[in-house]
Amino acid sequence: MSEVTAHREANAGPLGLLGFGMTTVLLNLHNAGVIEMSVMILAMGLAMGGLAQIIAGLMEFKAGNTFGATAFTSYGLFWWSLVMILVNPAFLGAEAADGRSLGFYMLLWCIFTLFMFIGTIKANHATQIMFFTLMLLFLLLAVENFTGIHIVGIIAGVEGIVCGASAIYTAVAGIVDGEFNKPIMPV
């Protein structure tokens, strides 16, 4: 007699959060002036920031989690669009974005993230911190792009490292707690 094993769907959250967190830390190490912009950051934006989050978002759609699906696919596509903006606008038949345009781009993402933050009010504190710091990051980047004040970009970089680190922590907590089947890392 064959034994039937129950199918358990994987939690897509940690993959999406790691993709977001690791990419955010790398880009903001650049924004803070620690490392130069390089192919490493752009490749991470396409792979982990973009593709990993989109995969996680599609898994969340399948699991019926509208918030997770919207968050992961939207931010995954944010990374792809940002890489396209930074790498070669002429490839898309467009002029490079100026500071004002990038300011509006970041402001729209700030507003979207504000609404996503509101969606975390009933979530754990780690998720709330991550979305709040992301909203603040987009606001700082919008201000930097609108004003051209370099120190605002450095502050945004430091704040973005905190944001990315909070996402990495939340991801690892999801993995560890899932493996032990009980809360080990406080969120």
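Modeller: Helices (H or I, at least four residues) and strands (E, at least two) are DSSP runs, numbered from the N terminus. The model is predicted, so local features need pLDDT of at least 70 and side-chain atom pairs count only at pLDDT 80 or more, whereas totals for chains, interfaces and linings use all residues. Residues are numbered from 1 along each chain as its sequence is written, and side-chain values use heavy atoms, with hydrogens and water left out.

Colleague: Where is T120 found?

Modeller: T120 is buried, with a relative accessible area of 1%; buried means under 20%, exposed over 50% and partly exposed in between (1.4 Å probe, protein chains only). Beyond its neighbours within four places in sequence, T120 is in contact (heavy atoms within 4.5 Å) with F67, T127, Q128 and F131. Its location is the loop between α4 and α5.

Colleague: Which backbone oxygen does the side chain of T120 reach?

Modeller: A polar contact is a pair of N or O atoms within 3.5 Å; within protein, one must be able to donate a hydrogen and the other to accept it, and residues adjacent in sequence count only if both atoms are side-chain atoms. At 2.6 Å, the side chain of T120 reaches the backbone oxygen of F117.

Colleague: At what angle do α1 and α3 pack?

Modeller: Axes are lines fitted to C-alpha atoms, for helices over the stretch in contact, and angles run from 0 to 180 degrees between N-to-C directions. The axes of α1 (residues 13–31) and α3 (residues 66–87) are 11 Å apart. The packing angle is about 30 degrees.

Colleague: Which residues of α3 make the contact with α1?

Modeller: On the α1 side the contact is made by G13, G16, L17, F20, T23, T24 and L27. From α3 come F72, W79 and L82.

Colleague: Why is the pair of Y75 and F112 classed as it is?

Modeller: Rings of Phe, Tyr and Trp (its six-membered ring) pair if their centres lie within 6.5 Å; planes under 30 degrees apart count as stacked, over 60 as edge-to-face and the rest as tilted. The pair links Y75 in α3 to F112 in α4 (residues 99–118), 37 residues apart. With the ring centres 5.4 Å apart and the planes at 55 degrees, the pair is tilted.

Colleague: What kind of aromatic pair do F78 and Y105 form?

Modeller: F78 in α3 and Y105 in α4 lie 27 residues apart, and both are buried. Their centres are 5.8 Å apart and their planes 20 degrees, and the pair is stacked.

Colleague: Which backbone oxygen does the side chain of N145 reach?

Modeller: N145 is placed in α5 (residues 125–147) and is buried at 19% relative accessible area. Aside from neighbours within four places in sequence, N145 is in contact with G99, R100, L102, G103 and M106. Its side chain reaches, at 2.8 Å, the backbone oxygen of L141.

Colleague: How far apart in space are A156 and A90, C-alpha to C-alpha?

Modeller: A156 is in α6 (residues 150–180) and counts as buried at 0% relative accessibility. Leaving aside neighbours within four places in sequence, A156 is in contact with N28, L137, L140 and L141. A156 and A90 are 66 residues apart in sequence, and their C-alpha distance is 28 Å.
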